[in-house]
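Please examine the structure below and follow the explanation alongside it. The discussion begins with a pair of side chains and then widens to the whole protein.

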Amino acid sequence: CKMPRENWDWVRSDRTMVSYFELQCDSSYAILASSLFFVPGTVVGLAVSGYLSDKYGRKKTLLSSIILSLILAIGQTFSSSYPLFLTLRTLSGVTSVAYMSIHITYRDEFFPSTKRPVCYFLGVSNAI
């Protein structure tokens, strides 16, 4: 960190978040920010996903959250600035937790309510 930036030479040829966005010692907080921005997205996703799945159906909400997660992951990969990366990371938190919370209920609805305890005990619902 005491060496002038002009003298920096990346030893590894692969690109990381630190090298791509040129995060340096005084911006070490920025590396943690990607995780910190993901968490509020998950909170919003939990609040919104239940409402959307009840209003539009679990299957539609599940499929749209998977597609949006894929689009946002590709967007994060090719983001050109760090603020854009953090925005996409937050939105990714919304969609990923929506998938994780909806798919459990959607999967369980395949079994009759009287058979669900047996399926849980045998682990059948996790195998599907």
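In this predicted model, the side chains of Arg58 and Asp54 meet in a salt bridge, with a distance of 3.3 Å from N to O. How exposed is Asp54? The relative accessible area of Asp54 is 60%, so this residue counts as exposed, because the term applies to values over 50%.

Arg58 also has another partner. Glu109 forms a salt bridge with Arg58, and here the closest N and O atoms are 2.8 Å apart. Which parts of the protein does this pair tie together? Glu109 lies in the loop between H4 and helix H5 (116-122), whereas Arg58 belongs to helix H3; the pair therefore links parts that are 51 residues apart in sequence. With a relative accessible area of 42%, Glu109 is partly exposed, because this value falls between the limit of 20% for buried residues and that of 50% for exposed ones. Salt bridges with shared partners unite Asp54, Arg58 and Glu109 in one network. The structure holds two salt bridges.

The discussion now turns to the overall fold. The protein contains six helices and zero strands, and reading along the sequence gives the pattern α-α-α-α-α-α.

The next topic is the surface and the interior. Of the 128 residues in the protein, 27% are buried. The protein exposes about 9,000 Å², and carbon and sulfur atoms supply 67% of that area.

A further feature to locate is the largest pocket, which has a volume of about 180 Å³. Elements that give two or more residues to its lining are helix H2 (29-56), helix H3 (58-77) and helix H4 (82-108). Which helix provides the largest share of the lining? That helix is H3, from which five residues come. In total, 13 residues line the largest pocket, and those nearest its centre are Leu52, Leu68, Val94, Thr95 and Ala98.

Technical notes: Residues numbered from 1 in each chain as written. Predicted model: local features only at pLDDT ≥ 70, side-chain atom pairs only at ≥ 80, totals over all residues. Heavy atoms only, no water. 1 Å grid on protein atoms, 1.4 Å probe; cavity = no way out; pocket = protein on both sides within 12 Å on 5 of 7 lines; lining within 4 Å. Points joined across faces, edges and corners; volume = space filled by probe spheres on them. Helix = DSSP H or I, 4+ residues; strand = E, 2+ residues; numbered from the N terminus. Salt bridge = Lys/Arg side-chain N within 4 Å of Asp/Glu carboxyl O. Buried < 20%, exposed > 50% of the residue type's maximum accessible area, 1.4 Å probe, protein only. Areas by Shrake-Rupley, 256 points an atom, 1.4 Å probe, with all protein chains shown as cover.
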